[in-house]
Amino acid sequence: TVSVLYCHTQKKKKIIIMNNVAAQQCYSTLMSVVYLMAFMSYWVQFPAVGGADGVMPVAAFWNKVRQQTRWEEFPNLLWAGDWLMVEPVVFYEACLAIGVLLSILSCFGWSNGVFFTVLWAIYHMVVTTGQSLLAFQWDVLILETGFIAIFYSSTPSQIFAWLPKITAFKLFLMSGSLKVLSNCPTWPSLTALKYHYASQCIPTPAAWWAALLPGWFQEASLSFVMWGQIFGTLLLISPWVVHRRAGVVVQVLSMLGIQITGNYNWFNIHSAGLALMSWFPMTPPAKPEADDPTPALKTLLFAFAAPLLITSATPHQIAAYGLASLHLVSENFAPILQVITLITYSVYTYHAAYGIPLIAVEKNVNAASVKSWINLIMPTVVPYILFSIVLSGAWEVVRAVFFTRGRGFLKFIQAVNLCLYTGLAVVIATVSLGTMSEVYSGVNKDVPRWPGKGVVMREKDAINQKLHIASAYGLFRVMTGVGDSGEVAVPVVVFEYDTEEAKGEWKELSFRYAVGDVERPLPWVAPHQPRIDWRLWFAALGNTRSDPWVVHMVVKLLNRSPAVLAATGITFPKKETPHSIRAMLYHYDFTTNTTATAYWTRKKVRPWMPPITRDSPDVKNFLAPRGWSSQPIPRSKLTPSLKQCKSPFTEWICHFVKWTQIAGDDIRKHDAVLPVLGALFAAAVLRRTMHWARF
């Protein structure tokens, strides 16, 4: 997205590309789309996941929280529901509907800091009370990037433009390096794709075809992705725009390939959008007008600030300040030199790591080499990022005070605001970088000695634990599905049931999306994420003690819970009454015959869960300590206390909750999540296109 403003001068009409505004609007659009996909996906399945009759009821969890903690210890939006005397489930569902509504408005261009604050607060409530069904990295990534959007959407400043780049750098570097540092042999040997396509939670049809590609292509494509996530991440924060745009291309291509072959909801879209934020230039054009004092003033600011910033600094910090100053002076300097250094860096690091692609793959990357690489770059990268934020803020203060029209008092207020913005951005960046300690233990000592550094370092862990404004990443660092003899053996739990009419005759249950029936076509489900089907993949790696919600889900299926049946796609014949359900563990692998009707081959391993009946005392004793019931629970309605309130506000809540429940039921009934999302995206694109066409 590029924001083009028409500026009329006395001599002629010319177009100026406003890079700061373009980056801000691109980020606001990205977060609006991500919020819409996340809220819509969870809203339609909430009754089966966290509703009154769901597999992990929010009400039971919240009852324990408010008995054991206070709002200062566990900040959450559900405390407002208690204040309004609304049942947690009803308040929760209303908040999800508000999130969907505000996300739609944001996608259509009506986004601001207030909207993003409400969206962040609601999704923070969802993540912190969703328990294991929302314990995924794409959920906490929304909280981190959504917190940045609260401030970045309010001002198109270079100060906050750095924060999405930091998140992208951290996300990709940790995702790539932790795979190698985990000592999983499939990543350094470039054999991970042999298992990856089949071992995904919900593979796509493209994953089945990708698994048939020759081995040399698998190794070459994996080496490209791994190089981009380890060595290519440095390009995203380069002081030169050519380097950053090359890094964007690498990351976007990688995310596109992963999105096509895996149903990773909105995660790859979100990640590619974060990388795209490095595309935009950070300085004005290289050839300013003759009367423009910008280059000279920036050079003077650099000259006077340098002695102050590098006093008692380490050599790494001095080098970092020199790199940061390139942003301040000109990032468009010597394009040929930028291209030469880009090619030299890429060829050298790729050859050192993986040899010559398609000719001689050397596979030199291992845990020791990656650790040495990170220890080499991070002492310079950490201060470089913080220096860049400070210099950007200092320049904007100088420009606001000396080169904008207005009264002195207004200039003073604007300068104070910019100083506060700079300090806030430095604090957020410091907290975000501090979460990289898993791959680089010296990140805290490499932060320059800013005023208040000690307080931030001391409180950052407590802040993250409560608000989740920064997180560590490293998805699927250990490859699953690796058999004892090196074969593909993906663990999958298959549920079977018998009936009252024919006890002991077991029939297989087929979920809508989860792997099960070997002949069922592989689904396209992204950007929707079916939480129950997705979490069943992780349940196969453990047992009912690590995933007790599976037992509760089975009880709901035996009771024919409408919400759970609708979410899982399971149907029982009307003439059959399910008596008990058991689970067996299988090992799955893709078939290699392109003419076969089956997509999978499987081998039974062992029982995973013994038969469970509806009224078993053992099941009741297992569920009771968690506050879960083995009996059907009707859907929560408005509490009498709320209905008795006669204020217009509470009356509006009553009507809104009733409307949201009706709308959600219609979408669930017709399985219309993806069509609704598609229609909203098409309308938003049309609206945005008409908006830009006016210019």
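Okay, quick one: two strands count as paired here if DSSP finds at least two bridges between them. This is a predicted model, by the way. With that in mind, look at strand E5, residues 490-499, and strand E7, residues 578-590: they run antiparallel to each other, paired over 10 bridges.

Nonpolar side chains tend to be buried together in soluble globular proteins. The largest nonpolar core here has 206 residues, and the ones touching the most other members are Met378, Ile389, Phe495, Trp549 and Met553. Helix H1, residues 19-49, is the biggest contributor, giving 19 residues. So what is Met553 in contact with, leaving aside neighbours within four places in sequence? Val55, Phe495, Phe511, Ile532, Leu536 and Val564.

Most residues other than glycine have a negative phi, and most peptide bonds are trans. Leu190 has a positive phi, about 60°, and isn't a glycine. You'll find Leu190 in the loop between helix H7 (158-181) and helix H8 (193-196), and it's buried, at 2% relative accessible area. Asn265 is another non-glycine with a positive phi, about 40°, in the loop between helices H11 (241-261) and H12 (267-276). Buried or exposed? Asn265 is at 0% relative accessibility, so it counts as buried, given the cut-off of under 20%.

And there's a cis peptide bond joining Ala526 and Pro527, with omega about 10°. Pro527 is in the loop between strand E6 (507-508) and helix H19 (531-539).

Methods. Residues numbered from 1 in each chain as written. Predicted model: local features only at pLDDT ≥ 70, side-chain atom pairs only at ≥ 80, totals over all residues. Heavy atoms only, no water. Helix = DSSP H or I, 4+ residues; strand = E, 2+ residues; numbered from the N terminus. Core = buried A, V, L, I, M, F, W, Y, C linked by side-chain atoms within 4.5 Å. Buried < 20%, exposed > 50% of the residue type's maximum accessible area, 1.4 Å probe, protein only. Contact = heavy atoms within 4.5 Å.
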